[in-house]
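Please look through the sequence and the model shown below before reading on.

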Amino acid sequence: MNTKEKTDKHIMNSYAPRLDIVLDNGKLREGVNDNGTKYIDFGSGIGTNSLGFCDGDWSAAVCAQVQSLQHTSNYYYTKPQAELAEKLCEITGMSNVFFGNSGAEANECAIKLARKYSFDKYGKDRHTIITLKNSFHGRTLCTISATGQDAFHNYFFPFVEGFVHVSADSIDEMKQAFNGTVCAVLLEFIQGEGGVVPLDEAFVRETVKLCAENDVLLIADEIQTGVGRTGKFLAAEHYGVKPDVITLAKGLGGGLPIGVCLATEKCKDVLNPGTHGSTFGGNPVSCAGGLVVTEKVTAHGFLTEVSAKSEYIKNKLSLIEEVKSVSGKGLMLGIELRTKTAGDVVKKALGHGLLVLTAKEKVRLLPPLNITYEEIDKGLKILQDVLK
Ligand SMILES: *Cc1c(COP(=O)(O)O)cnc(C)c1O
């Protein structure tokens with residue numbers, strides 16, 4: 001049996017249908033299949049390979065770490081954890097972090113933290129978490145309960161209680177949901193899986209105000225938007241907001257599994273001994289990768305370039321007849337099409353040597369943050385041909 005046959009026989013069919021390609025290796029913004037065919041990468045995994053495939057500094061740091069200490073437990077101290085935690089706090093102005101291994105785990109931590117913050121201060125029954133319709137927060141039972149899309153709320157009953165979903169950008173619904181049982185609001189500033197939809201600024205401002213007035217924690221799910229993806233280290237910066245809790249994952253490890261929940265001063269001591277943990281959380285190899293990513297992304301001029309490339313791509317896309325609109329910020333872009341279906345475009349693009357993603361009915365671009373203008377031109381040329 002070949003790779004495809006083995007996969008289809010032995011791996012549960014939860015991702016079906018996979019695209020018809022076996023990726024074998026990659027070099028920066030170019031992936032290579034098992035026949036040696038090359039593909040320009042406009043997807044970065046799903047926004048995970050922020051520095052592309054196997055960036056030299058990133059691979060060197062990861063290999064060095066894997067050859068010196070690949071893992072231990074959180075009974076002990078390790079340097080990569082300490083360094084990455086310090087760096088993340090420095091960049092974001094947050095006080096401390098909890099390390100897990102994925103986005104969903106980072107959100108689980110944030111949800112537990114918010115409920116305990118409220119329990120410690122106000123006692124039981126102040127546990128409701130407000131999230132937004134069309135959001136995406138993960139695939140565990142708790143995070144699908146948090147996810148505000150009905151399509152996720154089937155089969156797996158009973159779900160985790162205590163989540164209410166309000167319409168994104170509806171200040172009225174948000175106000176009404178503040179009923180005295182609320183301990184947190186969890187939101188994405190730009191809904192990623194929901195179709196690359198940025199929240200309205202006035203809605204964010206009002207929500208932040210309501211949270212502050214009611215001592216309700218604002219949790220920003222920056223799993224997709226964080227770590228430079230939108231042209232700022234955090235999407236919160238576009239809104240001038242400092243959340244109480246922030247979750248990061250996808251792009252942080254440069255392609256290695258890591259998730260992190262960051263807490264501000266007032267809730268940094270909520271998760272005390274025994275209340276949370278993870279065997280692999282803060283794995284030294286993932287942290288070593290994460291450190292290279294955060295250092296590169298915050299180096300002088302890097303994020304300005306991300307924004308400049310974003311404008312460049314948006315301008316070029318706007319000249320394509322089939323493109324109805326482009327949403328998103330930085331290198332997180334959603335393309336609304338006039339007549340074609342996003343899924344078909346993705347398949348066709350693959351046939352022409354370009355990896356792209358969908359988000360709902362849009363074509364989604366999440367290229368590596370260090371993509372060059374030459375590679376952008378090459379990829380956009382393919383996209384343009386496919387959209388003809
Ligand atoms: C991908 C994603 C998650 C879930 O991350 P996993 O690593 O797949 O668990 C949660 N929230 C947002 C906004 C995401 O984009």
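At what angle do the axes of helix 12 and helix 13 cross?

## Basis of the report

This is a predicted model, in which local features need a pLDDT of at least 70 and side-chain atom pairs count only at pLDDT 80 or more, while totals for chains, interfaces and linings use all residues. Residues are numbered from 1 along each chain as its sequence is written, and side-chain values use heavy atoms, with hydrogens and water left out.

## Helix 12 and helix 13

The axes of helix 12 (residues 342–351) and helix 13 (residues 373–387) cross at roughly 125° and come within 9 Å. Helices (H or I, at least four residues) and strands (E, at least two) are DSSP runs, numbered from the N terminus; axes are lines fitted to C-alpha atoms, for helices over the stretch in contact, and angles run from 0 to 180 degrees between N-to-C directions. The angle makes helix 12 oblique to helix 13, given that angles under 35 degrees count as roughly parallel, over 145 as roughly antiparallel, 65 to 115 as roughly perpendicular and the rest as oblique.

Helix 12 passes helix 13 in a right-handed crossing; a crossing is left-handed if the near helix is turned anticlockwise from the far one by less than a right angle, and right-handed if clockwise. On the side of helix 12 the contact (heavy atoms within 4.5 Å) involves V345, K348 and A349, which meet I382, L383, V386 and L387 in helix 13. By class, the contact of helix 12 with helix 13 has six nonpolar residues, one charged residue and no polar ones, where Ala, Val, Leu, Ile, Met, Phe, Trp, Tyr, Cys and Pro count as nonpolar, Asp, Glu, Lys and Arg as charged, and the others, Gly among them, as polar.

## Helix 10 and its partners

Helix 4 (residues 79–92) and helix 10 (residues 284–297) have axes that come within 8 Å and cross at roughly 35°, and helix 4 passes helix 10 in a left-handed crossing. P80, Q81, E83, L84, K87, L88 and I91 of helix 4 meet P284, C287, A288, G290, L291, T294 and E295 of helix 10. The contact of helix 4 with helix 10 has eight nonpolar, three polar and three charged residues.

Helix 3 (residues 56–66) also packs with helix 10, at an angle of about 155° and with the axes 8 Å apart; helix 3 and helix 10 are therefore roughly antiparallel to each other. The residues of helix 3 in this contact are D57, W58, A61, V62, Q65 and V66, and those of helix 10 are P284, V285, A288, G289, V292, V293 and K296. Divided by class, the contact of helix 3 with helix 10 has nine nonpolar, two polar and two charged residues.

Helix 10 also holds S286, which is buried, with a relative accessible area of 5%; buried means under 20% relative accessible area, exposed over 50% and partly exposed in between (1.4 Å probe, protein chains only). Leaving aside neighbours within four places in sequence, S286 is in contact with L256, P257 and I258.

E336 lies in strand 14 (residues 332–337) and is partly exposed, at a relative accessible area of 26%. The side chains of E336 and S325 are joined by a polar contact of 2.5 Å, a term for a pair of N or O atoms within 3.5 Å of which, within protein, one must be able to donate a hydrogen and the other to accept it, residues adjacent in sequence counting only if both atoms are side-chain atoms.

D215 lies in the loop between helix 8 (201–214) and strand 10 (217–221) and counts as buried at 12% relative accessibility. The side chain of D215 makes a polar contact of 3.2 Å with the side chain of K266. D24, in strand 1 (residues 23–27), is exposed, with a relative accessible area of 54%, and a polar contact of 2.8 Å joins the side chains of D24 and N25.

## Backbone features

Most residues other than glycine have a negative phi, and most peptide bonds are trans. A cis peptide bond joins A16 and P17, with omega about -10°, and the bond from F157 to P158 is also cis, with omega near -5°.

L28 has a positive phi, near 55°, and is placed in the loop between strand 1 and strand 2 (30–33). D125 has a positive phi of about 75° and is found in the loop between helix 5 (103–122) and strand 5 (128–132).
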